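Hello,

Here is the structure I promised to pass on. Please have a look, then read my notes below.

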Amino acid sequence: MTGPVVVGLDGSPASVSAARWAAREAVDRHLPLLLLHSWTTQPPNVPVPKEALSRQRYGGQVLRRAEAALLESHPGLTLTSELVSAPADKALVDLSDGAALLVVGSRGHGPLAGFLLGSVSLHVLGLARCPAVTVRADDPAEGTDRHEIVVGVPEAGPASDPLLEFAFAAAESRGARVRAVRALPLSSLLTHPHGAHAEEGYEVDEQARLAAAVAPWREKFPGVAVTYHVARGPAAQVVPAASAHSALTVVGRRRHSSPLSWKLGPVAHAALHHVPCPVAVVPHD
């Protein structure tokens, strides 16, 4: 992973939590941190007049306060900041070309509305060309001893490899373990006419397939412990349920050739709206 960790910062509690999370991630991964503030995309409760100069001054103050706090808590951090006039979503998506990771804040459970408001946050998550993480203002993993990275693994191959690489790198940097999760379709219950014994065999086979998909990444990250979680039901339910006590949940979305055709799948949507810990959305082919 190369390039900086980029975090959108507007001064709200959610964006401050996102900046703290991003700083720890940058230190753990030995990467620089870039703080971005768009003075044209500020929260509606900014306590200054709406004139452009006042909005720019507010943005500068937000960045300076964050810089001071982050450097005090992480003295070795390489930190830069940018105050931009471009809309926040465009600025973040443009920076994702050369970034290792993009981080934005979210107010809490429900629709995303932290640094970016509602659909704009989802727009960034759907178009970022690097992994993007949302961090809630009430992140339950902050300051705790959670030591598990959950990753949804739909299948072996190109769709899963970027997710597994990200999850294992995150686990290695934290000294955490990986929980690889696969959802089994309910429809397979109808394909086993011989009852429970055949169904148990099917689940054992699926766990073996999951282990085979993860095996190359276990070899690349031999110090990372792995557990396997196979459960019956839609992936949009299984992955959030497995994430109740995780430090980070990793899900995927397909890359989009056109900015007009972006979308997040049901698993990413469910994780972003229901998983309490930070959620990484990793693009894949």
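**An enclosed strand**

Strand S10, residues 279-284, is largely enclosed by the rest of the structure, because six of its six residues are buried. Keep in mind that this is a predicted model.

Both sides of S10 are covered. Val279, Val281 and Pro283 point one way, while Ala280, Val282 and His284 point the other way, and all are buried. In a regular strand, side chains alternate between the two faces of the sheet.

S10 has these pairings. Strand S9 (residues 248-254) runs parallel to S10, and six bridges join them. Gly252 has Val282 in S10 as its bridge partner. Strand S5 (residues 132-136) pairs with S10 in the antiparallel sense, over three bridges. There, Ala132 stands opposite Val281.

**The cores**

The largest nonpolar core has 53 residues. Leu33, Leu35, Val103, Val151, Phe168, Leu248 and Val250 touch the most other members. Helix H5 (residues 161-174) gives the largest share of this core, eight residues. A second, separate core holds 31 residues, including Leu122, Val251, Val275 and Cys277.

What does Val103 contact, leaving aside its neighbours within four places in sequence? Its contacts are Val5, Val6, Val7, Gly8, Ala18, Trp21, Ala22, Val133 and Val135.

**The whole protein**

There are eight helices and ten strands. Of the 285 residues, 49% count as buried. Among contacts between residues at least 6 apart in sequence, 78% join residues at least 24 apart.

Best wishes

Notes. Residues are numbered from 1 along each chain as its sequence is written. This is a predicted model: local features need pLDDT of at least 70, side-chain atom pairs count only at pLDDT 80 or more; totals for chains, interfaces and linings use all residues. Side-chain values use heavy atoms; hydrogens and water are left out. A nonpolar core is a set of buried Ala, Val, Leu, Ile, Met, Phe, Trp, Tyr and Cys residues joined through side-chain atoms within 4.5 Å. Buried means under 20% relative accessible area, exposed over 50%, partly exposed in between (1.4 Å probe, protein chains only). Helices (H or I, at least four residues) and strands (E, at least two) are DSSP runs, numbered from the N terminus. Contact means heavy atoms within 4.5 Å. Two strands pair if DSSP finds at least two bridges between them.
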